[in-house]
Amino acid sequence: MKIVIVDTNIIFSAILNPQSPIGEILFYSGEKLEFYTSEYLRKEITRHRRRIEELSKTSPDQVNEVIFQIFQRISFIADEQIPFSCWARSAPLVRDIDMDDLPFVALTDYLEGFLWTGDVKLLNGLKSKGFTRCLSTQDLIDML
């Protein structure tokens, strides 16, 4: 089973459209993929909650249910559990891309998994720096 770390944009996409390929991967690939994320993701969802509700064009209760269902499929890891060495190796990788992605890259390093992101700038930036443990949605579709 592959360890896959999901970042914020993947979860936003799944919340907005649970029937999308991203939603299908999260909901139906449990035997092949094991999903993890940083606790930081909860803060991001809370911070952008109003925007998520606006974009979803559904009720707040429906948004809550989708979030609940998605979160049931992901193991959350506290940032404090990630060793300092992982943070130190990851910071230079994201410094000039987006520091908000640092927890996800550090967690990927810690768990020796693969970072799943829909952020093309992050994906290309990490790969250009030799960080090859990142996957696009299409990469996962091809893998499954």
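Which side chain makes a polar contact with the side chain of Thr137? Keep the question in mind; the tour ends there. The model is predicted.

**Stop 1: the sheet.** Select the five strands. They form an open sheet in the order β3-β2-β1-β4-β5, and the pairing is parallel. Look at the two edges, β3 (74–77) and β5 (134–135): each has a single partner strand, so one side of each is left without a neighbour in the sheet.

Now select β1, residues 2–6, together with β4, residues 114–116. These two strands pair in the parallel sense over three bridges.

**Stop 2: helix α8.** Select residues 120–128. Which residues of this helix are buried? They are Leu122, Leu123, Gly125 and Leu126. To see what covers them, show α6 (84–94), α7, β4 and β5, which are among the covering elements.

Next, look at the two ends of the helix. Asp119 caps the N-terminal end of α8, with a side-chain oxygen 3.1 Å from the backbone nitrogen of Lys121. Following α8 is Gly130, which has a positive phi, near 90°.

**Stop 3: two crossing helices.** Select α1 (residues 8–16) and α3 (residues 40–47). Two packed helices are described by the angle between their axes and the distance between the axes. Here the axes come within 10 Å and cross at roughly 50°. That angle makes α1 oblique to α3. The crossing of α1 and α3 is right-handed.

Show the side chains where the two helices meet. From α1 there are Thr8, Ile11, Phe12 and Ile15; from α3 there are Leu41, Glu44 and Ile45. An α-helix has 3.6 residues a turn, so residues three or four places apart point the same way.

**Stop 4: Thr137.** Select Thr137, which lies in helix α9, residues 137–143. Is Thr137 buried or exposed? Thr137 has a relative accessible area of 15%, and buried means under 20%, so Thr137 is buried.

Show what surrounds Thr137. Leaving aside residues up to four places away in sequence, Thr137 touches Ile10, Ile22, Ile25, Trp116 and Thr117. This brings back the opening question: the side chain of Thr137 makes a polar contact with the side chain of Trp116, at 3.0 Å.

Note on methods:
Residues are numbered from 1 along each chain as its sequence is written. This is a predicted model: local features need pLDDT of at least 70, side-chain atom pairs count only at pLDDT 80 or more; totals for chains, interfaces and linings use all residues. Side-chain values use heavy atoms; hydrogens and water are left out. Two strands pair if DSSP finds at least two bridges between them. Helices (H or I, at least four residues) and strands (E, at least two) are DSSP runs, numbered from the N terminus. Buried means under 20% relative accessible area, exposed over 50%, partly exposed in between (1.4 Å probe, protein chains only). Contact means heavy atoms within 4.5 Å. A polar contact is a pair of N or O atoms within 3.5 Å; within protein, one must be able to donate a hydrogen and the other to accept it, and residues adjacent in sequence count only if both atoms are side-chain atoms. Axes are lines fitted to C-alpha atoms, for helices over the stretch in contact, and angles run from 0 to 180 degrees between N-to-C directions. Angles under 35 degrees count as roughly parallel, over 145 as roughly antiparallel, 65 to 115 as roughly perpendicular and the rest as oblique. A crossing is left-handed if the near helix is turned anticlockwise from the far one by less than a right angle, and right-handed if clockwise.
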